[in-house]
Amino acid sequence: MFCKECKNGILDVIRVEKYPEGLKDKIAYQRLCDVQCLSCGKIYYSQPFDWGKSINEVRDLKNG
Ligand SMILES: [Zn+2]
């Protein structure tokens, strides 16, 4: 994952969403994270953290 601002900066995870309290299925829950470019310092909020390769997945609200 590279920075869209400076094109070649590497994005570093600076914060990861905590699991909601009482959550039973931690494997299925897809956390979000904030990432920051190591090159220019730009921060991208709410990026997928547990979603693997697909970035277009949508959280299944039926099981929430
Ligand atoms: Zn950058």
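This is a predicted model: local features need pLDDT of at least 70, side-chain atom pairs count only at pLDDT 80 or more; totals for chains, interfaces and linings use all residues.
Leu-32 stands opposite Pro-48 in strand S3.

Strand S2 covers residues 32-37 and runs antiparallel to S3, to which four bridges join it. Another bridge partner in S3 is Gln-47, which faces Cys-33. S2 and S3 make up a hairpin, with five residues between the two strands. Within that turn, Gly-41 has a positive phi of about 85°.

On its other pairing, S2 meets S1 in the antiparallel sense, over five bridges. Here Val-13 is opposite Val-35 of S2, and Leu-11 is opposite Cys-37 of S2.

The residues named as standing opposite each other, or as bridge partners, are collected below.

| Residue | Opposite residue | Strand of the opposite residue |
|---|---|---|
| Leu-32 | Pro-48 | S3 |
| Leu-11 | Cys-37 | S2 |
| Val-13 | Val-35 | S2 |

Taken together, the three strands form an open sheet in the order S1-S2-S3, with antiparallel pairing. S1 (11-16) and S3 stand at the edges and have a single partner strand each, so one side of each lacks a neighbour in the sheet. From one strand to the next, the twist averages 35°.

How many of the six residues of S3 are buried? The count is zero, and S3 (residues 43-48) is hardly covered. In a regular strand, side chains alternate between the two faces of the sheet.

Note on methods. Residues are numbered from 1 along each chain as its sequence is written. A residue is buried if 20 or more other C-beta atoms lie within 10 Å of its own, exposed if 12 or fewer, and partly exposed in between; C-beta atoms are placed from the backbone. Two strands pair if DSSP finds at least two bridges between them. Axes are lines fitted to C-alpha atoms, for helices over the stretch in contact, and angles run from 0 to 180 degrees between N-to-C directions.
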